[in-house]
Amino acid sequence: MPIEGSRPQTVVQPALNNTTTASIGRFYEKRQQLYGALDQYNKALICKPDDTATYIDRSRIFLKMGSIDKAQEDTSRALDLIDGTSQNSNLLLYYVCLQKGEVLYADGEFELALMYFHRANKIKPAQQTCLEGIRKATEILECTICNSNIHLMITSNLIHSKEKQSKQIDLLHRPPIRQAPDPNRTGFKRI
């Protein structure tokens, strides 16, 4: 028998299901059961299609599964959903920027990834994850710009580098970079 003034069960139930479903998704994710986690996050988004945190979580799963395009879509959708007036917008923006940086990094967009890691670091300074992302993105950009003998390999989260297997160059018998100056030319003095 419903009590007058009480809320009906059907109104409360979807919010409870969404929270429970997302929690079960995190449970599966921690145990590396990615398909189970993806299924739970999909169910949570059916109940509440504008839940920014669930888009972030699902993006993380897609990234772990190697679906970078889908992870990119979810982070873009999460960025679109963040409302500047909500109380948790800074915290959600931090997590979205961090996830967006990870996705861009995995996609090889190191400059943009670095920008999003810096953006997240600006919201919550000195967080280990941000600093690690900034360090790795900066390091990879410096390596690709300065050293052509580095071959990049993308792994699960961030990137590792290893030396390319190249031909050994005999430094004693290599051709000179510059020609020796001609002593007969004017303007050169022998010392």
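Analyst: D69, E73, D107, E109 and E111 form a negative surface patch. Patch members have over 30% relative accessible area and no salt bridge, and like charges are joined within 9 Å. A salt bridge is a side-chain nitrogen of Lys or Arg within 4 Å of a carboxyl oxygen of Asp or Glu. Asp and Glu count as negative, Lys and Arg as positive; His and the chain ends are not counted. Each charge is placed at NZ of Lys, CZ of Arg, CG of Asp or CD of Glu.

This is a predicted model: local features need pLDDT of at least 70, side-chain atom pairs count only at pLDDT 80 or more, and totals for chains, interfaces and linings use all residues. Residues are numbered from 1 along each chain as its sequence is written, and side-chain values use heavy atoms, with hydrogens and water left out.

Take E109. It sits in the loop between α5 (89-106) and α6 (110-123). Helices are DSSP runs of H or I with at least four residues, strands are E runs of at least two, and both are numbered from the N terminus. E109 has a relative accessible area of 33%, so it is partly exposed, between the cut-offs for buried (under 20%) and exposed (over 50%), with a 1.4 Å probe and protein chains only.

Now Q72. It belongs to helix α4 (residues 68-81). Q72 is buried because its relative accessibility is 17%.

Of its 191 residues, 32% count as buried.

Definitions and conventions. Patch = residues over 30% accessible without salt bridge, like charges linked within 9 Å, V, L, I, M, F, W, Y side chains within 5 Å. Areas by Shrake-Rupley, 256 points an atom, 1.4 Å probe, with all protein chains shown as cover.
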